[in-house]
Amino acid sequence: MAGLCMGCLPLAVETRFYSYIPYKERVCRLCNWGEVDDQAHFIAICPHFNDVRFKLFNHCYSITDTLYQLPLQDKIKIILCDYDSHMVYLLASLYSCRQNIIYS
Ligand SMILES: [Zn+2]
């Protein structure tokens, strides 16, 4: 959780920063959508995590009924900054799912 908030998870947006790869080329290697592998892509877009994401967003909508109306970046900020213990569990599950795909 802290890694997501501080931007220090092994997402391509961070890991490729140190290889001097331009921002727009730091795309997700898990899907072929050509999107930058950042927190928003990981939490809300990458199709590899749809099952856990469904649970995460359902939980978010149950505690914040105006979340539907917000732009994606605002939703991500709320998820990363305004969380409870169940959201932490779901984010940890999301991260675990990513690690299993990458290292399997
Ligand atoms: Zn992806």
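Predicted model: local features only at pLDDT ≥ 70, side-chain atom pairs only at ≥ 80, totals over all residues.
View 1. If you follow the chain along its sequence, the pattern reads α-α-α-α-α-α. The radius of gyration is 14 Å, close to the 13 Å that the globule rule gives for 104 residues, so the protein is as compact as a globular protein of that length. Along its principal axes, the C-alpha trace spans about 40 × 30 × 25 Å.

**View 2. Contacts and burial across the protein.** Take the contacts between residues at least 6 apart in sequence: 53% of them join residues at least 24 apart. Of the 104 residues in the protein, 22% are buried.

**View 3. Helix α6, end to end.** Now let us look at residues 85-102, which form helix α6. This helix has 18 residues, and from its first C-alpha to its last it reaches 26 Å. That span is close to the 26 Å expected at 1.5 Å a residue.

**View 4. The buried side of α6.** Three leucines to find here are Leu90, Leu91 and Leu94, the buried residues of α6. They lie on the same side of the helix, because they cover an arc of only 100° around its axis.

**View 5. The other side of α6.**

Methods: Residues numbered from 1 in each chain as written. Helix = DSSP H or I, 4+ residues; strand = E, 2+ residues; numbered from the N terminus. Rg over C-alpha atoms; globule rule 2.2 N^0.38 Å. Buried ≥ 20, exposed ≤ 12 C-beta atoms within 10 Å, placed from the backbone. Contact = placed C-beta atoms within 7 Å. Expected span 1.5 Å × (residues − 1). Arc of directions from axis to C-beta.
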